[in-house]
Amino acid sequence: MSERPTAFERLSIAVGSSNLTMDTIHRGDLDFIVALGIASARNGAVASSLMRLHLASTPAALKTAYASVLGLTKRFNSKRNWRLSGRSMQVVALQALAHHIVPVCQHCHGRKFELIEGAPALSAKACKHCHGTGRRPVQKKHRDCIELVIAALEQIDSVTERAVARLVR
């Protein structure tokens, strides 16, 4: 295991930093913020809005991220011939974004097993809600569409984070 923080961890620190001075010798917080801007510009509006949401978590960032995910869902709807109505596309986008932001099962809190009240240990039974995955289950209606959008969002985050890491090497 590495002691070095990931690019996303460094971005989290940089966004809250009060020291945004440029240092030509050492990598500073400003370098990570600039790298995020470059990577987001290269990877599109969805990448930019998702990173802003992950790092800032403001209502404005949530609204922008939802609009981007809805646009992505509309593109999937037309390219993959899903035939979703306008309201169904909104539901798919909202569910995918919600799952992407908070993927942990709300019942077992990602522990994969049922919790026993007052006990210092978990039970041996897998969580009934997530079936032992630790991830929040996706709703049944439009499940395939929602899972595809979630996978796309995870891929976008991964590509953006790798691009930031490459830029600040």
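# Close-up views of a predicted chain

**View 1. Packing of helix 1 against helix 6.** Helix 1 (residues 7–15) and helix 6 pack with their axes 9 Å apart and at an angle of about 80°, where the axes are lines fitted to C-alpha atoms, for helices over the stretch in contact, and angles run from 0 to 180 degrees between N-to-C directions. Helix 1 and helix 6 are therefore roughly perpendicular to each other, a term used for angles of 65 to 115 degrees, with those under 35 counted as roughly parallel, those over 145 as roughly antiparallel and the rest as oblique. The model is predicted, and local features need pLDDT of at least 70, while side-chain atom pairs count only at pLDDT 80 or more and totals for chains, interfaces and linings use all residues. Residues are numbered from 1 along each chain as its sequence is written, and side-chain values use heavy atoms, with hydrogens and water left out. On the helix 1 side, Ala 7, Phe 8 and Leu 11 meet Glu 161, Val 164 and Ala 165 of helix 6; contact here means heavy atoms within 4.5 Å.

**View 2. Ala 7 in helix 1.** Ala 7 is found in helix 1 and is buried, with a relative accessible area of 11%; buried means under 20% relative accessible area, exposed means over 50%, and partly exposed lies in between (1.4 Å probe, protein chains only). Not counting residues up to four places away in sequence, Ala 7 touches Phe 32, Glu 161, Val 164 and Ala 165. The C-alpha atoms of Ala 7 and Arg 166 are separated by 9.2 Å, although these residues are 159 residues apart along the chain.

**View 3. The whole chain, for orientation.** The secondary structure comes to 6 helices and 2 strands, which follow the pattern α-α-α-α-α-β-β-α when read along the sequence; helices (H or I, at least four residues) and strands (E, at least two) are DSSP runs, numbered from the N terminus. Taken along the principal axes, the C-alpha atoms fill a box of roughly 55 × 50 × 25 Å. Buried residues make up 34% of the 169 residues in the chain, and among contacts with a separation of 6 or more, 57% are between residues 24 or more positions apart.

View 4. Thr 73 lies in helix 4 (residues 59–79) and is buried, with a relative accessible area of 0%. Leaving aside its neighbours within four places in sequence, Thr 73 is in contact with Trp 82, Met 89, Val 92, Ala 93 and Val 149.

View 5. Ile 146 lies in helix 6 and is buried, its relative accessible area being 1%. Residues that Ile 146 touches, not counting those up to four places away in sequence, are Val 92, Gln 95, Ala 96, Val 138, Gln 139 and Lys 141. Ile 146 and Leu 94 are 52 residues apart along the chain, and their C-alpha atoms are separated by 9.0 Å.

View 6. Side chains of opposite charge can pair when their charged atoms come close. The structure holds 1 salt bridge, defined as a side-chain nitrogen of Lys or Arg within 4 Å of a carboxyl oxygen of Asp or Glu, and in it the side chains of Arg 135 and Glu 154 meet at 3.1 Å, N to O. Arg 135 lies in the loop between strand 2 (122–126) and helix 6, and Glu 154 in helix 6, so the pair ties together parts that are 19 residues apart in sequence. Arg 135 counts as partly exposed at 36% relative accessibility, and Glu 154 counts as partly exposed at 36%.

**View 7. Two loop residues with positive phi.** Most residues other than glycine have a negative phi. Lys 112, which is not a glycine, has a positive phi of about 80°; it is found in the loop between helix 5 (86–101) and strand 1 (113–115) and counts as partly exposed at 39% relative accessibility. His 131 has a phi near 60°, a positive value in a residue other than glycine. His 131 lies in the loop between strand 2 and helix 6 and, at 65% relative accessibility, counts as exposed.
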